[in-house]
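Please read the following walk through one protein model with the structure open beside the text.

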Amino acid sequence: MKRIIGLLATCMLALSIALPAFADTDRAFSDESIYDLLVDRFNNGIESNDIEVNAQDPAAFNGGDFAGISNRLQHLIDMHFTMISVGPVFKTASYDGNEVLDYYEIEPHFGTAEEFIALIEEMHANDLKIMADFPLVGDVSDPAVQQELTDAAVQFVSDYELDGLRLTLLDHANTEFLNNMIEAVKDANKGLYVITNEQSDASFDSVPAEKQSAAIQESFVQVDPDTSSLDQFSNDDAGKLLQLDDLTGPRFTYKMVKLRQFPPTRWKVATVAQFMLPGVPLVPYATEIAVNGKEAPESHPFFNFKTDMELHEWIGDLNTLRNDSETLRTGDFKILHNKDGFVVFERSSEDEKWIIALNNTSKVQSLELDPAELGENKKLRGVLGQDLIKETKDNKYHVVLDRELAEVYIVEEDKGFNTPYLIASIMVVVLFVLFLYMVIRKGKQGRTEEAVREKK
């Protein structure tokens, strides 16, 4: 019985088709994907730091802490993000960390410096990078304040082995000051990413792709939209932050609900666009439960882990595709079709080619692709819905997609029947039938033996 189960498992493994993988060496910021959370709103791990906590008051501290993130680390690991942004962690007067009181002290509600270090080490042990916010509080035009902020930032990245620092609340900070600060923290922590959530001419590793992010919102917040704004995407966007909503404004779900749309469907198609178009995906916490909210603190609810997690696995699948393919992260981008909500584009490199189809319409859509675009003797294998497209007698590849669905196709050589796959499939069926037969036979044998014992 054990041998049969082992053979069955081996055959099932043989049925899986591995995607091309690339070595995790010399990764740039364009290779990352980021999950953005607020420590106070993610998970409460221990009660000893719950000082005047009120989980019923959205404007008060709700009890989230470093221990809570650690306790739910598997939740983050399963979504396959490469970096977790934890927001500001300094002593603060507000739950979101933006009203900094002391840059040299960790917020007691969140935990201790030792617990923060332990969280960083645990993330690194699980191949996760960690980034923290650094809000620029004070008169940033004052040279003395600039020096104080720079000194505090340098001390922060020296004390904690962070992988990234996000400067926020720039408030018209001049470019020279920002560049000096960026240089200072990078000197103190080699390999540190320094980004911002605002537009800036300073030498940040990344800034928001605001127009491109708005284009995705407009194109997927409802069915049958005008998607012409997606034409602005280009290869130059690969290193910019791409997001559907953020923690400073209305959540994307709020905009959907306002238009009376169904969030899970909207989110699925929109996130395929977010992860497959050029850019670095940045996803706010609780996107995986389609959280609602117009503005803070309503848009910053305490995470409810008992809510349906349908998007959790979906985001994990998209991240896996992106992480495993350098082409999907930084490959050449070309739009093949874009009209009234039906968008098809290509990501390609010398190693591979992908076709991404997004049908954000209320009808079935189709597109004919010429072999000149894909190459001779090719097939398109869908990795989300398991669709398979081969060249037809009219010498075309017909991409047909049902309403409000998305598919990601890898372009492969068409070698006809996959004999090993077919043999493995037959073996799975045969072994499964044999397994059932032996279970039934053993059950009958057991009942017969029991009947004999009863007669005796």
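D36, D133 and R166 are linked in a network of salt bridges, a salt bridge being a side-chain nitrogen of Lys or Arg within 4 Å of a carboxyl oxygen of Asp or Glu. The model is predicted: local features need pLDDT of at least 70, side-chain atom pairs count only at pLDDT 80 or more, and totals for chains, interfaces and linings use all residues. Residues are numbered from 1 along each chain as its sequence is written, and side-chain values use heavy atoms, with hydrogens and water left out.

By this rule the count comes to 18 salt bridges. One of them joins E412 and R381, with the closest N and O atoms 2.9 Å apart. This pair links distant parts of the chain, since E412 belongs to strand β17 (residues 405-413) and R381 to strand β14 (residues 378-382), 31 residues apart. Helices (H or I, at least four residues) and strands (E, at least two) are DSSP runs, numbered from the N terminus. R381 is buried, with a relative accessible area of 13%. Buried here means under 20% relative accessible area, exposed means over 50%, and partly exposed is in between (1.4 Å probe, protein chains only).

Two further pairs can be set beside that one. K353 and E346 form a salt bridge with their closest N and O atoms 3.9 Å apart, and E346 is buried at a relative accessible area of 5%. D187 and K190 also meet in a salt bridge (3.8 Å, N to O); D187 is partly exposed at 47% relative accessible area, whereas K190 is exposed at 65%.

A polar atom of its side chain lies 2.8 Å from the backbone nitrogen of G45. Leaving aside residues up to four places away in sequence, D65 touches several residues, including V39, N49, H109 and F110; contact means heavy atoms within 4.5 Å.

R41 is found in helix α2. R41 is buried, with a relative accessible area of 1%, and a polar atom of its side chain lies 2.9 Å from the backbone oxygen of P58. Residues touched by R41, not counting those up to four places away in sequence, include D57, Y95, Y285 and F303.

On the surface, F432, L436 and I440 form a nonpolar patch with about 280 Å² of accessible area together. Patches are made of residues with over 30% relative accessible area and no salt bridge, with like charges joined within 9 Å and nonpolar side chains (Val, Leu, Ile, Met, Phe, Trp, Tyr) within 5 Å. Accessible areas come from the Shrake-Rupley method with a 1.4 Å probe, and for residues only the protein chains shown count as cover. L436 is found in helix α14 (residues 419-455) and is partly exposed at 38% relative accessible area.

Over the protein chain, the secondary structure comes to 14 helices and 17 strands. Buried residues make up 49% of the 456 residues.

Methods: A polar contact is a pair of N or O atoms within 3.5 Å; within protein, one must be able to donate a hydrogen and the other to accept it, and residues adjacent in sequence count only if both atoms are side-chain atoms.
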